[in-house]
Amino acid sequence: MSKQINVALIGNPNTGKTSVFNALTGLNQKVGNYPGITVDKKQGICKLSRGVKAHILDLPGTYSLNASSLDENVVIELLLNKNDKDYPDVAIIVSDVENLKRNLLLFTQIKDLKIPTILVINMSDLMNRKGISLDIELLEAKLHTKIALVSTRKNNGIQELKQLIENYKTISKETCLDTSSIDTAYFESLQKAFPNQDVYKLWLVITQDANFGKITRQELDISKFKTKSNQELKRLQQKEAIKRYQFINSILKEGQTIDRSKATGLRSKLDRLLIHKVWGYVIFFWILLTIFQAIYDWATVPMDLIDTTFASLAEWVKNTFPNGGMVTDLVAEGIVSGIGGIVIFIPQIAFLFLFISILEESGYMSRVVFLMDRIMRRFGLSGKSLVPLISGTACAIPAVMATRNIENWKERLITILVVPFTTCSARLPVYLIIIALVIPEGSIIGLSYQALTLMALYLLGFGMAIFSAYILDRVLKTRHKTFFVVEMPNYKLPLLKNVIITVIEKTKTFVFEAGKIILAISIILWVLASYGPGDKFNNAEAYIEPTTQTSYERNDQIAAFKLEHSYIGIIGKTIEPLIKPLGYDWKVGIGLVASFAAREVFVGTLATIYSVGSANEGENIDTIKNKMQNETYADGTKVFTLASGISLLLFYAFAMQCMSTLAIVKRETKSWKWPILQLIGMTAIAYICALIAFQFLK
Amino acid sequence: MHLTIADLKKGEKGTITDSSSEDIPLKLLEMGCLPGNTVHLLQLAPFADPMYLNVNDSFLAIRKETAALIIIKKIDE
């Protein structure tokens, strides 16, 4: 392998750091995880001339080297640990031409760690329009760095940046500030205690311990050296910020001129409309409706296509591979349909992230956070909880992952705990069939009862999420500290490339995170449904009298009989006494158990139980509906009545049935405590609501 | 009683005189909420919370409870 330069890409949020990363690496990037934590690790390869390659690490956005979130902590840990294999040969600080002053704070901190540093000034195409001019030579000299003026939008300056990376060895390691001037006596004593270490690095380790808790991968033990209280340390950190701004202001005074008269009023004009006390909300809800329209209407076309493709693929496997073999069945019924059950969600997830990334890139999302924070806070949530709650209507998994930027742990935890109440798309097929079954046709003021029921279920999901957040806010005892600081970035047109890369990346994460669990459970369920003890399972053919049915009907009846006596059938019968008060029989019980792979499996499982086999392809839904409608208990009463139907709808609305979500919650909260609480709590609520509904309506 | 950012009305400006309270997040200081800098209150969400400010050329939103910790001197125009 040829020589590789380690580059760390660092910068404030909203500076277009990711655009620079995308411009340098193209699609030559991958996303992984930092060991032990859940922060995405984005890295890519950038080809320089003469076969030299740069390994580029896109670090999470941060405003300084004082972390207040897990994401930011990653940056500090890396820069403080020279033994890390990703420790940069050169750091690139991405700044935004309009926020140079604030961006330079982070820049000077990194310079003071004596890491060679290139300063990228992004969005340089806006300089003229905003009336900003810069004396690059002077800035380079005063900041001891090399500057690249870049515009990812116009694709300018990337070549120059690559050249700077290649020649990183010529960049000065001179510091910007004499950091010991923050508190001369204290810094001297620090240096004396650890003579071999850089004193600014020591200072960062100490303040980091005070700010955010222990640095985990630290090679030096500084815990014994503690002569100042956290309060004093914070005062010194404030002093550091002041000193840095003094330094920055003195340089920008010479190196930057801003003609304020040229500043366009786009921000204030749009803000006046988008965060207006009335119009702001109207526009936001209109955007929400568009998103729902996309997820539930536009996405159905590719979803139907995926559905039929996987059905015929399973059929093809069955017909092509040796007949009746265990492996063939496993592949056709367990694996292919399991993968199909994952792939089917891709269109919805992709649409959702398409919208979310457009809203985020354009700067609109921060306005929504601003508009909604006060309302959400009443329920123990934050304005930042809104994106997860909206995402939850597609799937709880990306929604839980989207909570990472909520700094306040309690608000984040509550958001994670209540997100699964929102109506995810896996519930939709279940809702549709039960609604069709028990809700009468007919309409009121032009709206059909069935559509109204569906809408009510969505509202119910949201309502329950908000209500339980309210309860949790009162129950959970944690140190409550406000960390709510939201930057309101400039409005800009989203870059298509960034949007597409985000959509691909998020969809991939979903497929692999949720996918492996859904697949594993599908296989387990297939085994439980395909095997059973005793003669009734293994010799089912003998128990079904060959009477007047067609051979198709007979096969379906055999399949149903087998399922009844399979392991999963036994489980269904075992839990029957438990679910009887809710109005379900053991067949529904099997459906409930199967729903642990993914809720929509319920429909397919019922199809098998009610012996709607492949013979009736094409009219499957109608056939299942008819079968379910005619399903009766031994005494002739119908199984699916309004009472049991409503009970089932409520159960599906509230119960925690998704193993993939539980796994993600475990990963994000780093404890089994919360997913277990979620499983028990939500399922208990579901049980009680379903019980009351059934007993009341019966 | 000191005047704080929470006392500003929409469109008003002030100069920060003290931001050393324990409970102000460090992030806010680093974004420029430091003594001597000018705060311009741009917009308010319903119930005057959160508050949308321009400080030190940064545009940001903070909650009223945080704003009430940052002491200012009003600038009359």
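Leaving aside its neighbours within four places in sequence, which residues is A:Phe654 in contact with?

## Nonpolar core

This is a predicted model. Outside its sequence neighbours within four places, A:Phe654 contacts A:Phe421, A:Met464, A:Met682, A:Ile685, A:Ala686 and A:Cys689. The largest nonpolar core has 194 residues, and A:Phe654 is one of the three that touch the most other members, with A:Leu9 and A:Val120. Helix H21 of chain A, residues 496-530, gives this core its largest share, 9 residues. In soluble globular proteins, nonpolar side chains tend to be buried together.

## Interface of chains A and B

Contacts link 29 residues of chain B with 32 residues of chain A. On the chain B side, helix H1 (26-30), strand S4 (58-62) and helix H2 (64-67) each give two or more residues. That side has 15 nonpolar, 6 polar and 8 charged residues.

Strand pairing crosses between the chains. Strand S12 of chain A, residues 485-487, runs antiparallel to S4(B), joined by 3 bridges. A:Val486 stands opposite B:Ala61. A:Glu487 has B:Leu60 as its bridge partner.

## Strand S4 of chain B

S4(B) also pairs within its own chain. Strand S3 of chain B, residues 51-55, meets S4(B) in the antiparallel sense over 5 bridges.

S4(B) is largely enclosed by the rest of the structure, because 5 of its 5 residues are buried. B:Ser58, B:Leu60 and B:Ile62 point one way, while B:Phe59 and B:Ala61 point the other way.

Notes. Residues numbered from 1 in each chain as written. Chains lettered and ligands numbered in written order. Predicted model: local features only at pLDDT ≥ 70, side-chain atom pairs only at ≥ 80, totals over all residues. Contact = placed C-beta atoms within 7 Å. Helix = DSSP H or I, 4+ residues; strand = E, 2+ residues; numbered from the N terminus. Nonpolar A, V, L, I, M, F, W, Y, C, P; charged D, E, K, R; others polar. Pairing = 2+ DSSP bridges. Core = buried A, V, L, I, M, F, W, Y, C linked by C-beta atoms within 7 Å. Buried ≥ 20, exposed ≤ 12 C-beta atoms within 10 Å, placed from the backbone.
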